[in-house]
Amino acid sequence: MYVRLLSTEGNLRTPKKGYKSITVKTEDYDYLFKEWLKVKDESSIKKGIHSFSAYITYRLAQLINNDKKIVKE
């Protein structure tokens, strides 16, 4: 799974073939970015996460895995 955050600076880009873009509210983006800054160094060392986009992908994968576990129970 891969999440690619697209620029909102007026230069719209489309995702690569086979990928989809995700739009989130500014408040949600800001919250996640602040969380990323808090764990950035730790995540980079322990999980190999070196970018905000990779952090979002990791968090989304966690959410999906948790949902799958709940469905199985």
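User: What makes E42 and K46 a salt bridge?

Analyst: Their closest N and O atoms are 3.7 Å apart, and a salt bridge asks for a side-chain nitrogen of Lys or Arg within 4 Å of a carboxyl oxygen of Asp or Glu, so the pair qualifies. Bear in mind that this is a predicted model, where local features need pLDDT of at least 70, side-chain atom pairs count only at pLDDT 80 or more, and totals for chains, interfaces and linings use all residues. Residues are numbered from 1 along each chain as its sequence is written, and side-chain values use heavy atoms, with hydrogens and water left out.

User: Where do E42 and K46 lie?

Analyst: Both are in helix α1, four residues apart, about one turn of the helix. Helices here are DSSP runs (H or I, at least four residues), numbered from the N terminus.

User: Why is K46 called exposed?

Analyst: Its relative accessible area is 63%. Exposed means over 50%, buried under 20% and partly exposed in between (1.4 Å probe, protein chains only), so K46 counts as exposed. E42, at 44%, is partly exposed.

User: Why is E35 called buried?

Analyst: E35 has a relative accessible area of 19%, so it falls within the buried class. E35 also meets the side chain of K38 in a salt bridge (3.2 Å, N to O), while K38 counts as exposed at 65%.

User: How do you know that α1 bends, and where?

Analyst: The bend is the angle between axes fitted to the seven residues ending at a residue and the seven starting there. At V39 that angle is about 65°.

Methods: Helices (H or I, at least four residues) and strands (E, at least two) are DSSP runs, numbered from the N terminus.
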